Each structure stands twice: as C-alpha cells, then as structure tokens.
Amino acid sequence: MTGAVGGPRVLLRRLREVMASPAPPDRRLDAVVRLIAANMVSEVCSIYVARGGEILELFATEGLKKEAVHKTRLRFHEGLVGEIAATGTPLNLSNAQTHPKFVYKPETGEEVYQSLLGVPILRAGRVVGVLVVQNRTQRHYSEEEAEALQTVAMVLAELVGSSELVRPEEVSATLERAATPSFEVLTLAEGIAIGRAVLHEPIIEIHDHVARDPDEEIERLNRAFAGLHQQIDRLMSAEDMKSGEHREILDVYKMFASDRGWQQRIHDAIASGLTAEAAVERVQIENRARLQKTSDAYLRERLGDLDDLSNRLNRHLAGKLGTAASDSLPDDAIVLARSMGPAELLEYDRSKLRGVILQDGSAMAHVTIVARALGIPLVGQAGDVVNRITSDELVVIDGDAGWIYISPSAEIVQSYQETVAARTERTAQYEALRDAPSTTVDGTEIELLMNAGLGIDLPQLERTGAKGIGLFRTEFQFMVGAQMPRLETQIEYYSQVLQAAEDRPVVFRTLDIGGDKPVSFMARDEEENPALGWRAIRVALDRPALLRYQIRALLEAAVGRGLNVMFPMIAELAEYRAARAIVDKEIERRQRMGLDLPTKVRIGTMVEVPSLAWHLEPLLAHVDFISIGSNDLMQFFFAADRGNPKVGSRYDLLSPPALSLFHHIISTAHRHGVPVTFCGELGGKTLEAMALIGLGLRRLSISSASIGPVKMMVRSLTLGSLETYMKDLLLLGDRSVRGRLMAYAHDHGVVL
C-alpha cells in the first residue's frame with residue numbers, strides 16, 4: 001500500500017491520530033476515507049456500518065456521491081458489500097459489475113467504477129461493517145494491499161463497533177445476533193412478503209390402526225370421500241377458479257381424487273383389517289414409495305398432490321376439516337407447511353395471505369404453479385427452519401434473493417418495507433406510461449411485446465400496454481395433465497388466448513417439451529445432458545402426431561384472424577422444412593375438407609442453437625420471421641449450463657463475443673427483410689435491452705413485469721449516439737462491456 005500518504009505504518013499512525021481526535025465521529029470517518037483513498041491511490045473509499053444486525057448503511061465515502069451517505073442501505077447477502085458482510089470474507093474483483101452478486105444503487109454513482117476490494121470490519125468475531133475501495137480501471141489489488149486494508153479494518157473496528165455511530169442497542173443486536181438469523185431457501189415464486197407466521201394444519205396423527213368393524217370403516221370412508229369431493233367442487237365453483245391454468249390444475253387434482261384405483265386400494269386395506277385412517281395412510285406410503293422410484297420428474301412432483309389428498313381425506317375421517325385457512329387469519333399471514341397441495345393454497349383468503357414457506361417444495365409442483373399465477377411469494381426447501389418458527393412470529397420472505405428472516409430487527413423490516421414501497425411507486429410510474437409510445441428521444445419506435453404461457457398472464461396485455469404476445473409457451477397445458485390434451489381441449493384453450501389478445505398478434509411456440517419439461521403421457525429415457533437431448537422440435541418430428549394435432553387445433557382456433565406459429569430448438573434448415581411440411585399438410589387437409597382457415601398463416605423459428613445462427617442466409621428465404629431465444633442460445637454458445645450455479649453466471653452476456661453474435665443475427669435478418677424479435681430473459685433487463693437496441697433490434701418480447709422499466713428506458717434513450725458507441729464495443733477484448741454501458745447510460749441520462 002503505497003501512494004501520496006506513505007506506507008502502511010504511516011497510514012496506521014495517521015489513522016490513530018484521526019480516531020483519537022475530539023472531532024465528531026462522522027467527521028472522523030470522513031477523514032478516514034480520504035486518508036485511505038489517498039494512500040491506496042483509489043478513487044473511492046467507503047465505510048458501511050451494520051445497523052440492527054443485518055442492515056448495512058453507507059456512513060462515509062470519498063468518491064461516491066455524498067448524498068448517498070445514510071441513504072444507501074444494503075441487507076446482508078445483498079450486493080457485493082452485503083456478501084462480504086454475510087460471509088465475513090474479503091472480495092478482490094477486477095471487474096465487480098460482472099459478479100453475479102453485483103447490485104446497482106443509482107444514488108451512489110458507482111457504475112463508473114470497475115475494480116473493487118472490500119474487507120469486513122470485525123469486532124468480537126462479528127461483522128460490524130465493511131470497508132471498500134474502488135477504481136475506474138480494471139485492476140487486481142495485490143495481496144499486500146488486501147492485507148493492509150484488513151489491518152486498517154481492524155483499527156476501524158473500535159470506532160465502527162462503538163455506540164458513537166449507532167444506538168447502543170443496535171450495537172448489541174449486531175454483536176449478539178444469532179449465527180444464522182437468516183436462512184437461504186429455494187425461490188419458487190418471486191416476491192417480497194412481510195407478515196406473521198401461521199402454521200398450516202399438521203398431519204392427522206393416527207392412534208387406532210386395527211378395525212373393529214370393517215363394514216363401518218367402509219361407510220366412514222365413503223362419507224369421507226363424498227365430503228372430499230364436495231369440498232373440491234366448492235373450490236372449483238369460486239369465481240376466480242372458472243378459467244386459467246389454476247383451474248386446469250384443480251381439474252387434475254379432482255381427477256386424482258376420483259381415481260377408482262386409489263379408492264379400491266384403500267378399500268382393500270380396510271378389508272385386510274385396518275381402520276379407514278390407517279388404510280389411507282398405508283396407501284399413501286405405498287404411493288410415495290412407488291413414485292419416488294420413478295425416473296419421471298413430473299410423476300414425482302405429483303406426490304405433493306397425492307399427499308394433500310390423503311391428508312385432506314383423513315381430516316374428513318377425523319372430523320377436523322379445517323386447516324389454518326378456515327381460522328381467523330391475521331391481515332399479513334405467512335403460511336408455513338411441510339408441503340401443500342394446490343387446493344389447500346386456494347382455500348386461503350388471498351386478501352390476507354402474503355406468502356408461503358414450505359419445508360419441501362419444488363419448481364414443478366402444482367402449488368408452485370398456482371402461487372406464480374396468483375402472484376403469491378413462495379419459497380421452499382426450508383427444511384428444519386419451518387419447525388423453528390412459532391405461530392404469530394414476524395417473518396420476512398425475500399422471494400427474489402431466496403432468503404427468509406425470522407423475528408427480523410426493525411431495521412430489516414424497514415428496509416424491506418422501503419423496497420416494497422419503492423416497487424409500488426415504480427409500478428405506478430410504469431402504469432402511467434401504459435398508453436405512451438415506446439419511442440426513443442430521436443423518434444425510433446421500439447415494439448414491446450409480452451411473453452406468456454398461462455391464462456393468468458393474459459390480463460397483463462391490457463395493464464402493460466404491450467403490443468401483443470411475442471412468445472406464447474404452449475407446453476404448460478401438456479404438462480399439467482396425466483394424458484395428452486384432447487383436440488377439443490386444445491382448440492378451446494388457444495381460442496381463449498386469441499380472444500383475450502383481441503386484435504393484438506400472438507406468436508404460438510409449438511411444444512417445447514423434454515429436457516426439464518417432462519410430460520407424464522410420454523415415456524423417456526434418462527439423459528446425461530437433457531438440455532442437449534431429445535426435446536422440443538426433435539420430439540415433435542419423431543412423434544409427428546403431437547405437432548400435427550397441435551397445428552390442427554391452432555388452425556381451427558385462429559379461423560378468421562392471423563395465426564403466427566414458431567418452432568423451438570431448430571438446429572438446421574432441414575428440421576425447419578420438415579416441421580413446416582407438417583403445417584402445410586394440415587392447411588391442405590382443411591382446404592380439402594372445405595373448412596375455413598386463418599386469414600394468414602405466418603411461420604417462423606426460434607434461433608437458439610448456434611448452428612442455425614451460422615446458417616441464416618438459406619434459412620431466411622423460408623421463414624416469415626425469427627426470434628432470438630437467448631436463454632438456450634447463450635448456454636450453448638458458452639458451453640455453460642445456466643442451471644449450474646458454478647458456471648451459469650461465469651460468462652457475461654454483455655461480452656463482445658455474445659453481442660457480436662446478436663449483431664450478426666439482427667443485421668442478417670434486416671438485410672433480408674425478415675422481422676426479428678428478441679424473446680429471452682436478457683431482453684427484459686434495461687441495460688441489456690439498451691445494448692440490443694443499440695445493435696439494431698427494434699422488437700422485444702419480454703415478461704409483463706419488464707415492459708414498464710424497458711419502456712421508461714427507451715423513452716430516455718437517444719439512439720443515434722448509442723449505435724455509434726456500440727460498434728466500437730464489439731471490437732474490444734474485454735471480458736464484459738457492462739461497466740462501459742452503465743457509464744454510457746449514466747453520462748447520457750438513460751433511465752435504467
């Protein structure tokens with residue numbers, strides 16, 4: 001550590017002089033950060049202080065905006081500073097903005113700084129703050145500099161951890177906080193919830209296992225089944241249950257409840273001498289053992305539904321019909337359960353239900369799908385944590401980052417309340433832009449479409465002002481049922497989607513099943529690399545009846561209006577031609593039968609396999625449009641599994657190689673006059689969307705939640721200068737140009 005002030009010993013002597021001075025503590029901190037920045041030749045030095053145990057507040061800075069002091073707050077685990085605090089370990093990054101934990105705080109102005117060295121400030125073995133230095137250039141701080149900064153942090157610990165800066169009770173809360181007051185969980189449905197814990201009804205304990213009168217047990221069972229079916233019918237008759245995917249899930253649930261095989265096995269168990277409750281439990285155990293052995297992920301996920309039905313049936317037998325849903329709920333209920341079926345979730349008063357924590361839970365479970373559709377924050381894989389939370393205890397669910405907080409401090413609650421309030425305010429701003437044109441400052445229109453796949457998504461078209469649906473995922477209808485949907489069912493479903501869209505265009509992507517989207521009606525082999533295996537168009541071409549019936553349903557549903565069909569996972573022109581031939585045959589069939597057709601049928605393909613990106617010239621002569629699917633395209637491009645946390649975030653999508661690929665696809669399509677849409681998750685992020693627009697893209701299909709932020713960004717963007725800037729970025733050898741793009745946005749007033 002060398003520079004304007006001198007070596008480490010000189011710096012430590014000066015620090016002690018500053019800290020021993022009679023100046024107020026905030027003045028001393030200001031002097032400290034100036035001293036450290038000068039000594040390390042750093043453009044930024046900042047000190048964050050822990051408040052209430054789990055909140056980090058910016059107390060002093062040299063280099064960041066002064067107005068950010070006491071305004072910028074980070075939770076433990078949030079951002080790089082929060083990660084340093086949560087883990088108690090330093091971070092030394094030459095390009096901090098490409099780190100997966102990086103969080104942008106616009107009030108600080110830190111977007112222009114690329115390198116970062118941060119160390120925890122420890123007192124009594126606990127993190128009481130974080131000390132950070134930053135530079136504009138990409139530099140790796142030496143081991144000597146890192147050690148010196150840790151030494152400085154030790155000297156600062158006395159002042160930072162004292163009651164001079166924060167209230168004594170906050171110091172106590174920081175030093176005495178539990179080893180793990182927050183718990184990492186699996187995000188199943190995103191969102192933030194603050195509320196009081198409500199314990200879901202426990203499983204009925206069975207005390208009598210041997211039947212005295214089997215005939216009486218059969219009568220009890222039949223009455224319980226009748227009550228169960230009436231209960232499900234009441235759920236399905238609710239006004240908001242009459243349509244949408246949550247209705248379809250209840251249909252499947254009802255089908256399980258009416259399954260004669262299940263009922264007969266329970267009858268047989270009673271005949272063997274068990275009570276009705278014990279018979280239900282025995283069959284439940286048998287089902288669990290049988291399904292846990294199957295390689296079919298979809299069938300394994302149905303365990304939750306079967307457990308729910310069995311527990312519900314036993315509650316009818318025991319005369320204990322209600323779960324916590326039937327009790328008087330607090331206005332801010334957070335429900336805790338080992339597991340939960342979709343029907344149980346739907347029984348809760350959704351005006352009071354704020355979130356759900358499951359001991360188990362998975363992304364494909366029906367309860368997860370329903371929670372997403374209804375916008376209820378849901379986290380799972382909480383394990384034994386569920387048993388540590390008592391009824392009425394205050395709980396915070398961070399369904400965005402995947403954390404829960406038990407009995408959080410007032411500072412943590414305030415921080416999350418501020419986050420919720422800020423989101424509400426931003427949402428109001430986005431809604432105010434609903435009817436405003438998505439046009440850049442210099443007059444270029446950027447068409448914003450919406451991604452969808454659930455009936456519950458469709459009202460968002462009107463709310464967001466989206467110009468249409470650029471990607472409708474059709475596979476969900478095939479994933480929720482035990483059998484392939486009948487032709488009439490598919491026709492009805494697609495008709496509802498088109499009616500909801502009114503005169504807006506809808507692009508239907510044909511079945512993208514296989515890989516991580518198994519269906520129960522189709523046997524499949526275990527694959528070492530499912531993402532690269534038998535999925536999407538490969539399944540459709542090997543099982544053409546699937547695609548043929550889906551196209552038949554789409555043609556019927558779209559009579560009298562335009563139909564847009566898009567194939568997934570096309571790797572070569574021959575595959576596209578084979579898939580399109582199936583569509584042409586179905587059109588010819590309708591013509592022979594004298595049936596009406598859509599006014600126009602447009603056929604396109606996803607570009608999500610790199611081989612197709614380098615075979616665009618011949619492809620574009622045969623398609624009506626293309627869509628870039630960045631999710632798969634980027635994992636294939638970088639040979640990095642996006643579901644693997646060790647490599648999923650290793651490569652930045654705002655790197656020159658990735659941007660060059662996007663530019664190649666966009667410019668080639670434009671040269672041939674073929675419309676091109678970007679429909680991956682990347683397009684829903686404002687910085688990434690800005691970069692794509694700068695590469696020539698004029699149409700984005702993104703999540704409904706992203707339309708407002710992206711439109712606000714577009715309306716603040718001057719396109720001409722950005723396009724010139726982007727051309728130079730493609731030639732750089734940087735690992736990522738994220739920092740440069742953030743600096744550009746900051747300098748040109750682009751709202752991110």
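This report describes salt bridges in a predicted model.

Local features here require a pLDDT of at least 70 and side-chain atom pairs count only at pLDDT 80 or more, while totals for chains, interfaces and linings use all residues. Residues are numbered from 1 along each chain as its sequence is written, and side-chain values use heavy atoms, with hydrogens and water left out.

The structure holds 29 salt bridges, a salt bridge being a side-chain nitrogen of Lys or Arg within 4 Å of a carboxyl oxygen of Asp or Glu.

| Pair | N to O distance |
|---|---|
| Glutamate 43 and arginine 136 | 3.8 Å |
| Arginine 504 and glutamate 462 | 2.9 Å |

Arginine 504, in the loop between α18 (487-501) and β17 (506-509), pairs with glutamate 462 in helix α16 (residues 460-464), so that parts 42 residues apart in sequence are tied together; helices (H or I, at least four residues) and strands (E, at least two) are DSSP runs, numbered from the N terminus. Arginine 504 counts as buried at 15% relative accessibility, whereas glutamate 462 counts as partly exposed at 46%, where buried means under 20% relative accessible area, exposed over 50% and partly exposed in between (1.4 Å probe, protein chains only).

In the pair of arginine 73 and glutamate 57, arginine 73 is buried at 16% relative accessibility, and glutamate 57 is buried with a relative accessible area of 2%. For the remaining pair in the table, glutamate 43 is partly exposed at 35%, and arginine 136 is partly exposed at 42%.

Beyond these pairs, a network of salt bridges links Glu475, Arg509, Asp512, Arg535 and Asp632.
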